Amino acid sequence: MRELMVVGVRIELPSNQPLVLLKEIDGPRHLPIWIGAPEASAIAMSQQGMSTPRPMTHDLLESVVSALGHPLVEARLVAVKETVFYAELEFDGGASVDSRASDAIAFALRAGCPITCAEEVLAEAGVLVSEDGNTADGAEDQVRQFREFLADVEPEDFGE
């Protein structure tokens, strides 16, 4: 398993489809995952340190499992099948629960625990980026376009 960090949430144009972009901490690969709008908002809000007057679903889940004495210790991205990402939540005490990748990421950000990814997932869906910003497989134009797209997206693009 490789540890990842959340780079941010963006909107893909022209489809207006949200995605979360992750990057391996000790490596050059990025992992884009297309997600739903509610999960995109939950991830973006957590990254920006925003809170709501009342707990949102991921906040509630984190509070409940912590109150029960078995907090989340790791969110794992374990598989990708036909562009669908699968995750597992690992709790203190050893319990493991199946999860959508977007929910696992939103929950992990609130719990302050690591997000890890199976090597097979990064090999299949990751984008390998070298230190100079070019891909190792010759898809420099694709990475340049993706970076330009990411640079133009703002948190306000998600609405309220």
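These legends describe close-up views of a predicted model.

Residues are numbered from 1 along each chain as its sequence is written, and side-chain values use heavy atoms, with hydrogens and water left out. In this predicted model, local features need pLDDT of at least 70 and side-chain atom pairs count only at pLDDT 80 or more, while totals for chains, interfaces and linings use all residues.

**View 1. Overall fold of the predicted model.** The protein has five helices and eight strands. Helices (H or I, at least four residues) and strands (E, at least two) are DSSP runs, numbered from the N terminus. Their order along the sequence is β-β-β-α-α-β-β-β-α-β-α-β-α. Of the 160 residues, 41% count as buried. Buried means under 20% relative accessible area, exposed over 50%, and partly exposed in between (1.4 Å probe, protein chains only). Contacts are heavy atoms within 4.5 Å. Among contacts with a separation of 6 or more, 52% come from residues 24 or more positions apart.

**View 2. The salt bridge between Glu24 and Arg2.** Their side chains meet at 3.1 Å, N to O. A salt bridge is a side-chain nitrogen of Lys or Arg within 4 Å of a carboxyl oxygen of Asp or Glu. Glu24 lies in strand S2 (residues 17-24) and Arg2 in strand S1 (residues 2-12), so the pair ties together parts that are 22 residues apart in sequence. Glu24 is buried, at 2% relative accessible area. Arg2 is partly exposed, at 29%.

**View 3. The salt bridge between Arg110 and Asp59.** The closest N and O atoms are 2.7 Å apart. This pair links distant parts of the chain, with Arg110 in helix H3 (residues 101-111) and Asp59 in helix H2 (residues 57-67), 51 residues apart. Arg110 is buried, with a relative accessible area of 18%. Asp59 is partly exposed, at 24%.

View 4. The side chains of Glu74 and Arg76 form a salt bridge at 3.3 Å, N to O. Glu74 counts as buried, at 16% relative accessibility. Elsewhere, salt bridges that share partners join Arg2, Glu24, Arg29 and Glu119 into one network. A search of the whole structure finds nine salt bridges.

**View 5. The two sides of helix H2.** His58, Glu62 and Val65 are the buried residues of H2. Seen down the helix axis, they fall within an arc of 75°, so they line one face of H2. The arc is that of the directions from the helix axis to the C-beta atoms. The face turned away from the buried side carries the exposed residues Thr57 and Ala67. Cover for the buried residues includes helix H1 (37-47), strand S4 (72-81), strand S5 (84-91) and H3. Gly69 follows H2, with a positive phi near 85°.

**View 6. Helix H1 and its cover.** The buried residues of H1 are Glu39, Ala40, Ala42, Ile43, Ala44 and Met45. What covers them includes S1, S2, H2, strand S6 (96-100) and H3. Gly49 follows H1, and its phi is positive, near 70°.

**View 7. A nonpolar surface patch.** Met5, Val7 and Ile25 make a patch of about 230 Å². Patches are made of residues with over 30% relative accessible area and no salt bridge; like charges are joined within 9 Å, nonpolar side chains (Val, Leu, Ile, Met, Phe, Trp, Tyr) within 5 Å. Areas come from the Shrake-Rupley method with a 1.4 Å probe; for residues, only the protein chains shown count as cover. Met5 sits in strand S1 and is partly exposed, at 41% relative accessibility.
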